[in-house]
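Me: I would like to learn how to read pockets and ring contacts in a model. Can we take them one at a time?

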Amino acid sequence: MPSRIAQIRLVSGHPEVYEPCDDSFALVDALLADRENLLEHQPMFCLEVGCGSGYVITSLAIMLRQEDSAASVSYFATDINPHAVRVTSETLKAHTVHAEVLCDNIAASGMGKRLWGKVDVMVVNPPYVPTPEDEVGRDGIASAWAGGEDGRTVIDKILPVADKLLSNKGWLYMVTLAANNPSQISLLMKEKGYASHIIVQRSTEEESLHVIKFWRDPDLLVGEPKDLSVDTTHRTSSAGMMDSIFLQSPRKPFLEDR
């Protein structure tokens, strides 16, 4: 039976590129948990910001290509690390799937403007580890985890860009850590008209992770906003409490058989 996600043995690598790790696996597992909804969603444009090894965007393409309608899906991936762009391209090729991969800062790029209002599925495993601000955006692998104060510097830049990129039916899947104050992130997106819920919540020896899904909700723009925690049409697993206490330790790459 063909694999529904990327195979670790076929994922390319480089010393300066973040390897698939627990957060990568959590994001792919969230997409798998929501796969039925994704297939019904019939996205035309899918984007990963910060593609690293290419494990996530490749897995998403494999999930959707098993349907006849997947022929019309276009995939895009960006990373500010040129080594990651090459590694992602190699990972995609090894799995015989295609995406347009660019070394680009999506927050200030021509590609971003080209996709404004068109992205139906956006996936992000951002640099979320709390670090000194001067570590944010450095060259090489450090750019994969250095998130600045509260791990929010890059996240706070991505959120308004996501709002511009997402189509009217667009969905955003994002990995967060407790130190990022995910409740506040959800409130910020709620002010922009997005509902949200946690699809995957997972604790490891290093950190506790949760993957949040955001989608536009017209009811949040007019009248009384509804409770974000009780949207049953998008729920695929128990969301839990957004402000639970999570462990707060930096991510470290480690591989496991998938």
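Reply: Start with the naming. Helices (H or I, at least four residues) and strands (E, at least two) are DSSP runs, numbered from the N terminus. This is a predicted model, where local features need pLDDT of at least 70 and side-chain atom pairs pLDDT 80 or more, while totals for chains, interfaces and linings use all residues. Residues are numbered from 1 along each chain as its sequence is written, and side-chain values use heavy atoms, without hydrogens and water.

Me: How much space lies in the largest pocket?

Reply: Rolling a probe the size of a water molecule over the atoms shows where empty space is left. A pocket is an open set of points on a 1 Å grid over the protein atoms alone, where a 1.4 Å probe fits, with protein on both sides within 12 Å along at least five of seven lines; lining residues have an atom within 4 Å of a point. Here the largest pocket holds about 640 Å³. It has 38 lining residues, and Gly-50, Ile-80, Pro-127, Ser-143 and Val-154 are the closest to its centre.

Me: Which elements each supply at least two residues of that lining?

Reply: Strand S1 (45–49), helix H3 (55–65), strand S2 (74–79) and helix H6 (153–165) do. H6 gives the largest share, three residues.

Me: What is the make-up of the lining by class?

Reply: Ala, Val, Leu, Ile, Met, Phe, Trp, Tyr, Cys and Pro count as nonpolar, Asp, Glu, Lys and Arg as charged, and the others, Gly among them, as polar. The lining of the largest pocket has 20 nonpolar, 11 polar and seven charged residues.

Me: How many aromatic pairs does the structure hold?

Reply: A pair of aromatic rings is described by the distance of the centres and the angle of the planes. Rings of Phe, Tyr and Trp (its six-membered ring) pair if their centres lie within 6.5 Å; planes under 30 degrees apart are stacked, over 60 edge-to-face, the rest tilted. The structure holds two such pairs. Phe-25 and Tyr-55 are edge-to-face, at 5.5 Å centre to centre and 80° between the planes. Phe-25 sits in helix H1 (residues 22–33) and Tyr-55 in helix H3, 30 residues apart.

Me: And the other pair?

Reply: Phe-45 and Phe-76 are stacked, at 6.2 Å centre to centre and 25° between the planes. Phe-45 is in strand S1 and Phe-76 in strand S2, 31 residues apart.

Me: Is Phe-76 buried or exposed?

Reply: Buried means under 20% relative accessible area, exposed over 50%, partly exposed in between (1.4 Å probe, protein chains only). Phe-76 has 8%, so it counts as buried. Phe-45 has 24%, so it is partly exposed.

Notes:
Points joined across faces, edges and corners; volume = space filled by probe spheres on them.
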